[in-house]
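Here is a short report on how two chains meet. Have the sequence and the structure at hand as you read.

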There are 2 protein chains.
Amino acid sequence: MTGLRERKKQATRTALSSAALRLAVEHGPENVRVDDIAEAAGVSPRTYNNYFSSREEAIVFAVTSDRESRVAAAVRASPAGLADAVVEAVVTQYTEPGEEAREALLLITTSPALRTAYARSATALEPPLTEVLAERVPDGPTARVLAAAVAAAVRIALEQWAQPVTSGFVVVSGSLPDLLRSALAPLVPALTAAQARPAADSGS
Amino acid sequence: MTGLRERKKQATRTALSSAALRLAVEHGPENVRVDDIAEAAGVSPRTYNNYFSSREEAIVFAVTSDRESRVAAAVRASPAGLADAVVEAVVTQYTEPGEEAREALLLITTSPALRTAYARSATALEPPLTEVLAERVPDGPTARVLAAAVAAAVRIALEQWAQPVTSGFVVVSGSLPDLLRSALAPLVPALTAAQARPAADSGS
DNA sequence: TCGTAAAGTTGCGCGTACGCAAGATTGCGT
DNA sequence: ACGCAATCTTGCGTACGCGCAACTTTACGA
(Lines give C-alpha, C1' and ligand atoms only; values in the text may rest on other atoms or scores of the structure.)
Protein backbone atom coordinates (compact mmCIF):
# COMPACT_ATOMS: atom_id res chain seq x y z
CA MET A 1 0.00 0.00 0.00
CA THR A 2 2.99 2.27 -0.57
CA GLY A 3 1.99 5.10 -2.82
CA LEU A 4 4.44 6.88 -5.06
CA ARG A 5 4.41 9.80 -2.69
CA GLU A 6 5.58 7.74 0.25
CA ARG A 7 8.35 6.05 -1.69
CA LYS A 8 9.67 9.36 -2.94
CA LYS A 9 9.82 10.74 0.56
CA GLN A 10 11.73 7.72 1.76
CA ALA A 11 14.06 8.07 -1.22
CA THR A 12 14.97 11.68 -0.59
CA ARG A 13 15.27 10.97 3.12
CA THR A 14 17.86 8.26 2.60
CA ALA A 15 19.49 10.25 -0.18
CA LEU A 16 19.94 13.15 2.20
CA SER A 17 21.22 11.10 5.10
CA SER A 18 23.64 9.02 3.06
CA ALA A 19 24.92 12.14 1.33
CA ALA A 20 25.39 13.70 4.75
CA LEU A 21 27.30 10.68 5.99
CA ARG A 22 29.49 10.45 2.90
CA LEU A 23 30.42 14.12 2.97
CA ALA A 24 31.08 14.00 6.68
CA VAL A 25 33.44 11.07 6.26
CA GLU A 26 35.18 12.76 3.36
CA HIS A 27 35.69 16.25 4.71
CA GLY A 28 35.15 15.89 8.43
CA PRO A 29 31.89 16.63 10.22
CA GLU A 30 32.68 20.30 10.78
CA ASN A 31 33.44 21.03 7.16
CA VAL A 32 30.09 20.07 5.74
CA ARG A 33 27.42 22.70 5.27
CA VAL A 34 23.76 21.95 4.97
CA ASP A 35 23.81 23.45 1.50
CA ASP A 36 26.40 20.89 0.43
CA ILE A 37 24.27 18.01 1.66
CA ALA A 38 21.18 19.36 -0.03
CA GLU A 39 23.03 19.87 -3.29
CA ALA A 40 24.48 16.36 -3.17
CA ALA A 41 21.01 14.95 -2.67
CA GLY A 42 19.51 17.11 -5.38
CA VAL A 43 17.06 19.07 -3.28
CA SER A 44 16.91 22.61 -2.02
CA PRO A 45 18.46 23.55 1.32
CA ARG A 46 15.01 24.39 2.58
CA THR A 47 13.80 20.89 1.84
CA TYR A 48 16.67 19.47 3.81
CA ASN A 49 15.22 21.09 6.89
CA ASN A 50 11.88 19.51 6.19
CA TYR A 51 13.51 16.15 6.81
CA PHE A 52 16.19 16.80 9.40
CA SER A 53 16.49 19.59 11.88
CA SER A 54 20.23 19.43 12.22
CA ARG A 55 23.28 18.22 10.41
CA GLU A 56 24.00 15.68 13.12
CA GLU A 57 20.53 14.22 12.89
CA ALA A 58 20.98 13.44 9.21
CA ILE A 59 24.32 11.75 9.73
CA VAL A 60 23.12 9.70 12.67
CA PHE A 61 20.04 8.61 10.77
CA ALA A 62 22.26 6.99 8.17
CA VAL A 63 23.48 4.64 10.88
CA THR A 64 20.33 4.08 12.89
CA SER A 65 17.72 4.25 10.13
CA ASP A 66 14.73 2.42 11.56
CA ARG A 67 16.56 0.45 14.19
CA GLU A 68 14.05 1.62 16.77
CA SER A 69 11.07 0.06 15.07
CA ARG A 70 13.02 -3.15 14.52
CA VAL A 71 13.57 -3.35 18.26
CA ALA A 72 9.87 -3.00 18.83
CA ALA A 73 9.13 -5.65 16.22
CA ALA A 74 11.62 -8.03 17.82
CA VAL A 75 10.02 -7.59 21.21
CA ARG A 76 6.61 -8.26 19.77
CA ALA A 77 7.81 -11.42 18.09
CA SER A 78 9.63 -12.79 21.11
CA PRO A 79 8.02 -15.62 23.06
CA ALA A 80 10.17 -14.90 26.13
CA GLY A 81 9.18 -12.95 29.22
CA LEU A 82 9.05 -9.20 28.91
CA ALA A 83 12.39 -8.48 30.48
CA ASP A 84 14.28 -11.05 28.44
CA ALA A 85 12.45 -10.09 25.29
CA VAL A 86 13.42 -6.45 25.67
CA VAL A 87 17.03 -7.12 26.57
CA GLU A 88 17.57 -9.54 23.74
CA ALA A 89 15.82 -7.35 21.20
CA VAL A 90 17.92 -4.35 22.14
CA VAL A 91 21.20 -6.21 22.18
CA THR A 92 20.48 -7.88 18.86
CA GLN A 93 19.37 -4.77 17.05
CA TYR A 94 22.11 -2.51 18.37
CA THR A 95 24.85 -4.92 17.43
CA GLU A 96 25.43 -4.34 13.76
CA PRO A 97 25.82 -7.72 12.08
CA GLY A 98 28.19 -6.82 9.26
CA GLU A 99 29.23 -3.55 10.83
CA GLU A 100 28.68 -2.01 7.45
CA ALA A 101 28.72 1.33 9.19
CA ARG A 102 32.09 0.82 10.80
CA GLU A 103 33.72 4.03 9.66
CA ALA A 104 30.51 5.90 10.32
CA LEU A 105 30.60 4.80 13.95
CA LEU A 106 34.23 5.79 14.19
CA LEU A 107 33.28 9.19 12.87
CA ILE A 108 30.52 9.49 15.44
CA THR A 109 32.88 8.49 18.22
CA THR A 110 35.27 11.22 17.18
CA SER A 111 32.95 14.21 17.08
CA PRO A 112 31.34 15.38 20.34
CA ALA A 113 28.33 16.80 18.55
CA LEU A 114 27.76 13.52 16.75
CA ARG A 115 28.16 11.51 19.91
CA THR A 116 25.49 13.61 21.55
CA ALA A 117 23.15 13.23 18.60
CA TYR A 118 23.77 9.49 18.47
CA ALA A 119 22.99 9.01 22.14
CA ARG A 120 19.95 11.22 21.80
CA SER A 121 18.65 9.05 18.97
CA ALA A 122 17.93 6.35 21.52
CA THR A 123 14.95 8.44 22.54
CA ALA A 124 13.31 7.41 19.28
CA LEU A 125 12.80 4.03 20.92
CA GLU A 126 10.07 5.40 23.13
CA PRO A 127 7.10 5.60 20.75
CA PRO A 128 7.36 2.15 19.12
CA LEU A 129 8.45 0.49 22.35
CA THR A 130 5.58 2.06 24.23
CA GLU A 131 3.22 0.45 21.79
CA VAL A 132 4.52 -3.08 22.19
CA LEU A 133 4.83 -2.81 25.93
CA ALA A 134 1.23 -1.69 26.07
CA GLU A 135 0.31 -5.09 24.68
CA ARG A 136 1.99 -6.86 27.57
CA VAL A 137 1.42 -4.66 30.59
CA PRO A 138 -2.02 -3.69 31.85
CA ASP A 139 -1.51 0.01 32.41
CA GLY A 140 -0.98 2.47 29.58
CA PRO A 141 1.13 5.01 31.43
CA THR A 142 3.22 2.19 32.86
CA ALA A 143 4.13 1.08 29.37
CA ARG A 144 5.20 4.58 28.52
CA VAL A 145 7.39 4.97 31.58
CA LEU A 146 9.04 1.61 31.08
CA ALA A 147 9.70 2.38 27.43
CA ALA A 148 11.27 5.67 28.42
CA ALA A 149 13.37 3.94 31.07
CA VAL A 150 14.63 1.40 28.57
CA ALA A 151 15.40 4.15 26.07
CA ALA A 152 17.32 6.03 28.74
CA ALA A 153 19.31 2.93 29.61
CA VAL A 154 20.18 2.42 25.96
CA ARG A 155 21.23 6.04 25.71
CA ILE A 156 23.56 5.64 28.66
CA ALA A 157 25.06 2.50 27.19
CA LEU A 158 25.70 4.31 23.92
CA GLU A 159 27.25 7.23 25.76
CA GLN A 160 29.61 4.99 27.66
CA TRP A 161 30.52 3.10 24.56
CA ALA A 162 31.27 6.19 22.52
CA GLN A 163 33.19 7.90 25.29
CA PRO A 164 36.85 8.28 24.34
CA VAL A 165 38.49 8.28 27.78
CA THR A 166 37.79 11.54 29.59
CA SER A 167 37.55 10.12 33.08
CA GLY A 168 40.43 10.50 35.47
CA PHE A 169 41.11 6.86 36.03
CA VAL A 170 38.49 4.25 35.40
CA VAL A 171 37.89 3.42 31.79
CA VAL A 172 34.96 1.08 31.65
CA SER A 173 34.34 0.94 27.91
CA GLY A 174 33.57 -2.69 27.30
CA SER A 175 31.88 -4.16 24.28
CA LEU A 176 28.58 -2.64 23.31
CA PRO A 177 26.50 -5.77 24.00
CA ASP A 178 27.93 -5.98 27.51
CA LEU A 179 27.30 -2.30 28.13
CA LEU A 180 23.73 -2.67 26.94
CA ARG A 181 23.08 -5.65 29.18
CA SER A 182 24.60 -3.91 32.17
CA ALA A 183 22.56 -0.79 31.56
CA LEU A 184 19.33 -2.73 31.16
CA ALA A 185 19.91 -5.03 34.13
CA PRO A 186 18.69 -2.55 36.76
CA LEU A 187 15.38 -2.26 34.92
CA VAL A 188 14.67 -5.97 34.79
CA PRO A 189 12.82 -5.99 38.14
CA ALA A 190 10.56 -3.21 36.93
CA LEU A 191 9.77 -5.00 33.68
CA THR A 192 9.09 -8.26 35.46
CA ALA A 193 6.87 -6.64 38.05
CA ALA A 194 4.89 -4.77 35.44
CA GLN A 195 4.25 -7.94 33.50
CA ALA A 196 3.27 -9.91 36.56
CA ARG A 197 0.84 -7.37 37.91
CA PRO A 198 -2.59 -8.42 36.66
CA ALA A 199 -4.42 -5.12 36.94
CA ALA A 200 -3.31 -1.57 37.55
CA ASP A 201 -3.98 0.30 40.74
CA SER A 202 -2.47 3.15 42.66
CA GLY A 203 -0.53 0.77 44.87
CA SER A 204 -0.39 2.88 48.01
CA MET B 1 33.51 30.29 49.54
CA THR B 2 31.51 32.29 47.02
CA GLY B 3 33.77 34.76 45.30
CA LEU B 4 32.50 37.92 43.72
CA ARG B 5 32.87 36.39 40.34
CA GLU B 6 30.54 33.50 41.12
CA ARG B 7 27.91 35.73 42.64
CA LYS B 8 27.91 38.01 39.64
CA LYS B 9 27.41 35.10 37.32
CA GLN B 10 24.47 33.89 39.36
CA ALA B 11 23.07 37.41 39.39
CA THR B 12 23.14 37.87 35.64
CA ARG B 13 21.80 34.36 35.20
CA THR B 14 18.72 35.05 37.29
CA ALA B 15 18.43 38.54 35.84
CA LEU B 16 18.30 37.07 32.38
CA SER B 17 15.85 34.32 33.19
CA SER B 18 13.47 36.51 35.17
CA ALA B 19 13.58 39.15 32.46
CA ALA B 20 12.82 36.44 29.93
CA LEU B 21 9.86 35.23 31.97
CA ARG B 22 8.48 38.70 32.57
CA LEU B 23 8.69 39.69 28.92
CA ALA B 24 7.18 36.40 27.81
CA VAL B 25 4.23 36.88 30.14
CA GLU B 26 3.76 40.46 28.98
CA HIS B 27 4.02 40.08 25.24
CA GLY B 28 3.56 36.38 24.66
CA PRO B 29 6.40 33.89 24.19
CA GLU B 30 6.60 34.37 20.43
CA ASN B 31 6.93 38.12 20.61
CA VAL B 32 10.10 38.25 22.64
CA ARG B 33 13.49 38.40 20.96
CA VAL B 34 16.68 37.49 22.74
CA ASP B 35 17.87 41.04 22.13
CA ASP B 36 14.99 42.27 24.25
CA ILE B 37 15.84 39.90 27.05
CA ALA B 38 19.50 40.84 26.95
CA GLU B 39 18.67 44.52 26.98
CA ALA B 40 16.28 44.10 29.90
CA ALA B 41 18.97 42.29 31.84
CA GLY B 42 21.62 44.84 30.90
CA VAL B 43 23.97 42.55 29.04
CA SER B 44 24.85 42.07 25.41
CA PRO B 45 22.91 39.61 23.26
CA ARG B 46 26.05 37.57 22.87
CA THR B 47 26.35 37.19 26.61
CA TYR B 48 22.82 35.89 26.73
CA ASN B 49 23.93 32.91 24.71
CA ASN B 50 26.75 32.25 27.12
CA TYR B 51 24.11 31.48 29.73
CA PHE B 52 21.21 30.00 27.81
CA SER B 53 21.19 28.32 24.45
CA SER B 54 17.59 29.10 23.67
CA ARG B 55 14.81 31.45 24.61
CA GLU B 56 12.78 28.61 26.07
CA GLU B 57 15.61 27.51 28.28
CA ALA B 58 15.81 30.90 29.95
CA ILE B 59 12.09 31.07 30.61
CA VAL B 60 11.91 27.55 31.98
CA PHE B 61 14.89 28.17 34.22
CA ALA B 62 12.97 30.92 35.94
CA VAL B 63 10.50 28.29 37.10
CA THR B 64 12.76 25.35 37.78
CA SER B 65 15.87 27.18 38.98
CA ASP B 66 17.72 24.56 41.02
CA ARG B 67 14.82 22.27 41.69
CA GLU B 68 16.87 19.34 40.49
CA SER B 69 19.55 19.71 43.10
CA ARG B 70 16.90 20.15 45.79
CA VAL B 71 15.45 16.80 44.82
CA ALA B 72 18.85 15.23 45.20
CA ALA B 73 19.34 16.89 48.57
CA ALA B 74 15.94 15.69 49.76
CA VAL B 75 16.74 12.13 48.79
CA ARG B 76 20.02 12.30 50.62
CA ALA B 77 18.33 13.62 53.75
CA SER B 78 15.53 11.08 53.75
CA PRO B 79 15.69 8.20 56.22
CA ALA B 80 13.21 6.14 54.20
CA GLY B 81 13.99 3.36 51.76
CA LEU B 82 15.33 4.35 48.41
CA ALA B 83 12.08 4.06 46.51
CA ASP B 84 10.04 6.01 49.01
CA ALA B 85 12.76 8.58 49.41
CA VAL B 86 12.89 9.25 45.70
CA VAL B 87 9.14 9.36 45.21
CA GLU B 88 8.57 11.70 48.12
CA ALA B 89 11.45 13.96 47.20
CA VAL B 90 10.21 14.32 43.65
CA VAL B 91 6.60 14.90 44.60
CA THR B 92 7.55 17.45 47.23
CA GLN B 93 9.95 19.43 45.09
CA TYR B 94 7.80 19.48 42.00
CA THR B 95 4.76 20.69 43.85
CA GLU B 96 5.27 24.40 44.20
CA PRO B 97 4.30 25.39 47.74
CA GLY B 98 3.05 28.90 47.11
CA GLU B 99 2.69 28.40 43.41
CA GLU B 100 4.48 31.67 43.06
CA ALA B 101 5.03 30.77 39.47
CA ARG B 102 1.38 30.14 38.70
CA GLU B 103 1.09 32.37 35.68
CA ALA B 104 4.46 31.18 34.48
CA LEU B 105 3.22 27.61 34.47
CA LEU B 106 0.09 28.67 32.65
CA LEU B 107 2.31 30.31 30.07
CA ILE B 108 4.34 27.15 29.70
CA THR B 109 1.21 25.07 29.31
CA THR B 110 0.07 27.31 26.50
CA SER B 111 3.12 27.32 24.27
CA PRO B 112 4.20 24.03 22.66
CA ALA B 113 7.82 25.09 22.52
CA LEU B 114 7.80 25.92 26.20
CA ARG B 115 6.08 22.68 27.12
CA THR B 116 8.80 20.78 25.31
CA ALA B 117 11.52 22.75 27.04
CA TYR B 118 9.87 22.28 30.42
CA ALA B 119 9.59 18.52 30.02
CA ARG B 120 13.15 18.40 28.76
CA SER B 121 14.35 20.16 31.88
CA ALA B 122 13.59 17.03 33.85
CA THR B 123 16.74 15.60 32.32
CA ALA B 124 18.70 17.93 34.57
CA LEU B 125 17.76 15.57 37.39
CA GLU B 126 20.17 12.96 36.15
CA PRO B 127 23.54 14.32 37.31
CA PRO B 128 22.63 15.22 40.91
CA LEU B 129 20.36 12.21 41.33
CA THR B 130 23.04 9.90 40.02
CA GLU B 131 25.32 11.14 42.73
CA VAL B 132 22.94 10.47 45.62
CA LEU B 133 21.87 7.13 44.26
CA ALA B 134 25.49 6.12 44.05
CA GLU B 135 25.62 6.48 47.83
CA ARG B 136 22.84 3.94 48.26
CA VAL B 137 23.33 1.39 45.52
CA PRO B 138 26.49 -0.63 45.07
CA ASP B 139 27.01 -0.28 41.36
CA GLY B 140 27.96 3.00 39.72
CA PRO B 141 26.36 2.43 36.33
CA THR B 142 23.24 1.18 38.08
CA ALA B 143 22.87 4.49 39.86
CA ARG B 144 23.15 6.30 36.59
CA VAL B 145 20.54 4.18 34.86
CA LEU B 146 18.10 4.48 37.73
CA ALA B 147 18.57 8.23 37.87
CA ALA B 148 17.89 8.45 34.15
CA ALA B 149 14.82 6.27 34.53
CA VAL B 150 13.47 8.48 37.30
CA ALA B 151 14.16 11.59 35.24
CA ALA B 152 12.33 10.05 32.30
CA ALA B 153 9.35 9.23 34.49
CA VAL B 154 9.25 12.80 35.76
CA ARG B 155 9.45 14.07 32.22
CA ILE B 156 6.47 11.94 31.23
CA ALA B 157 4.47 13.15 34.20
CA LEU B 158 5.20 16.75 33.28
CA GLU B 159 4.23 16.10 29.69
CA GLN B 160 0.92 14.60 30.69
CA TRP B 161 0.25 17.38 33.12
CA ALA B 162 0.98 20.13 30.62
CA GLN B 163 -0.97 18.49 27.83
CA PRO B 164 -4.05 20.57 26.95
CA VAL B 165 -6.41 17.89 25.64
CA THR B 166 -5.25 16.68 22.25
CA SER B 167 -6.28 13.05 22.67
CA GLY B 168 -9.40 11.77 20.98
CA PHE B 169 -11.25 10.72 24.07
CA VAL B 170 -9.43 9.99 27.27
CA VAL B 171 -8.25 13.01 29.17
CA VAL B 172 -6.17 11.73 32.01
CA SER B 173 -4.73 14.98 33.33
CA GLY B 174 -5.00 14.58 37.05
CA SER B 175 -3.15 16.60 39.63
CA LEU B 176 0.60 16.82 39.26
CA PRO B 177 1.40 14.90 42.47
CA ASP B 178 -0.80 12.02 41.35
CA LEU B 179 0.73 12.00 37.91
CA LEU B 180 4.21 11.95 39.41
CA ARG B 181 3.38 9.06 41.73
CA SER B 182 1.80 7.09 38.91
CA ALA B 183 4.76 7.67 36.66
CA LEU B 184 7.27 6.68 39.33
CA ALA B 185 5.33 3.62 40.51
CA PRO B 186 6.59 1.29 37.77
CA LEU B 187 10.17 2.06 38.78
CA VAL B 188 9.72 1.21 42.44
CA PRO B 189 10.62 -2.47 41.98
CA ALA B 190 13.84 -1.47 40.23
CA LEU B 191 14.81 0.97 42.98
CA THR B 192 14.02 -1.55 45.70
CA ALA B 193 15.94 -4.31 44.00
CA ALA B 194 18.96 -2.11 43.45
CA GLN B 195 19.04 -1.14 47.09
CA ALA B 196 18.63 -4.70 48.30
CA ARG B 197 21.35 -6.15 46.14
CA PRO B 198 24.44 -6.27 48.33
CA ALA B 199 27.20 -6.33 45.72
CA ALA B 200 27.30 -5.80 41.98
CA ASP B 201 28.19 -8.45 39.48
CA SER B 202 27.77 -8.96 35.76
CA GLY B 203 24.95 -11.41 36.27
CA SER B 204 25.49 -14.36 33.94
C1' DT C 1 -10.21 11.56 -18.44
C1' DC C 2 -10.48 15.51 -15.87
C1' DG C 3 -10.76 18.63 -11.84
C1' DT C 4 -9.92 19.45 -7.35
C1' DA C 5 -8.03 18.59 -2.83
C1' DA C 6 -4.06 17.08 -0.25
C1' DA C 7 0.76 16.95 0.33
C1' DG C 8 5.48 18.26 -0.91
C1' DT C 9 9.05 21.63 -2.54
C1' DT C 10 11.15 25.96 -2.79
C1' DG C 11 12.75 30.98 -2.12
C1' DC C 12 12.59 34.51 1.12
C1' DG C 13 13.33 36.73 5.35
C1' DC C 14 13.89 37.06 10.22
C1' DG C 15 15.82 35.59 14.31
C1' DT C 16 18.90 32.47 16.54
C1' DA C 17 23.30 29.81 17.82
C1' DC C 18 28.00 29.93 18.35
C1' DG C 19 33.28 30.15 17.17
C1' DC C 20 36.68 33.56 17.38
C1' DA C 21 39.59 37.17 19.04
C1' DA C 22 40.00 41.56 21.41
C1' DG C 23 39.03 44.16 25.48
C1' DA C 24 37.39 44.37 30.41
C1' DT C 25 37.18 42.31 35.09
C1' DT C 26 38.32 39.46 38.91
C1' DG C 27 41.47 36.41 41.72
C1' DC C 28 45.74 35.77 43.78
C1' DG C 29 50.59 35.59 44.76
C1' DT C 30 54.32 38.53 46.08
C1' DA D 1 49.79 47.83 46.35
C1' DC D 2 51.06 45.87 42.09
C1' DG D 3 50.86 42.93 38.24
C1' DC D 4 50.04 38.71 36.00
C1' DA D 5 46.88 34.97 34.86
C1' DA D 6 42.38 33.24 34.59
C1' DT D 7 37.86 34.26 33.43
C1' DC D 8 34.05 36.90 31.56
C1' DT D 9 31.97 40.04 28.27
C1' DT D 10 31.31 41.73 23.77
C1' DG D 11 31.11 42.62 18.54
C1' DC D 12 31.52 40.38 14.38
C1' DG D 13 30.78 37.02 10.91
C1' DT D 14 28.89 32.74 9.34
C1' DA D 15 25.68 29.18 9.24
C1' DC D 16 21.43 27.29 10.81
C1' DG D 17 16.24 26.70 11.90
C1' DC D 18 11.98 27.54 10.51
C1' DG D 19 7.40 30.20 9.50
C1' DC D 20 5.25 31.78 5.49
C1' DA D 21 3.26 31.98 0.99
C1' DA D 22 3.61 30.70 -3.83
C1' DC D 23 4.18 26.95 -6.88
C1' DT D 24 4.45 21.97 -8.21
C1' DT D 25 3.31 17.22 -7.77
C1' DT D 26 0.49 13.32 -6.35
C1' DA D 27 -3.95 11.19 -5.06
C1' DC D 28 -8.64 10.24 -5.85
C1' DG D 29 -13.52 10.58 -6.91
C1' DA D 30 -16.92 11.62 -10.53
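In this predicted model, 20 residues of chain A are in contact with 21 residues of chain B. Three helices of chain A, α10, α11 and α12, each supply at least two residues of the side that touches chain B. The main contributor is α10(A), which gives the most to that side, with 10 residues.

What kinds of residue make up the side of chain A that touches chain B? They divide into 16 nonpolar, 3 polar and 1 charged.

| Helix of chain A | Residue range |
|---|---|
| α10 | residues 140-162 |
| α11 | residues 176-184 |
| α12 | residues 188-196 |

Now the relation between the copies. Chain A can be laid on chain B with an RMSD of 0.1 Å.

Do the copies meet through the same surface or through different ones? Of the interface residues of chain A, 100% are also interface residues in chain B, so the copies meet through the same surface.

Next, the fold of the single chain. Chain A has 12 helices and 0 strands. Along the sequence, the pattern reads α-α-α-α-α-α-α-α-α-α-α-α. Of the 204 residues in chain A, 41% are buried. Take the contacts in chain A between residues at least 6 apart in sequence: 65% of them join residues at least 24 apart.

Conventions: Residues are numbered from 1 along each chain as its sequence is written. Chains are lettered from A and ligands numbered from 1 in the order in which they are written. This is a predicted model: local features need pLDDT of at least 70, side-chain atom pairs count only at pLDDT 80 or more; totals for chains, interfaces and linings use all residues. Helices (H or I, at least four residues) and strands (E, at least two) are DSSP runs, numbered from the N terminus. A residue is buried if 20 or more other C-beta atoms lie within 10 Å of its own, exposed if 12 or fewer, and partly exposed in between; C-beta atoms are placed from the backbone. Two residues are in contact if their C-beta atoms, placed from the backbone, lie within 7 Å. Copies are superposed by least squares on the C-alpha atoms of residues with pLDDT of at least 70 in both. Ala, Val, Leu, Ile, Met, Phe, Trp, Tyr, Cys and Pro count as nonpolar, Asp, Glu, Lys and Arg as charged, and the others, Gly among them, as polar.
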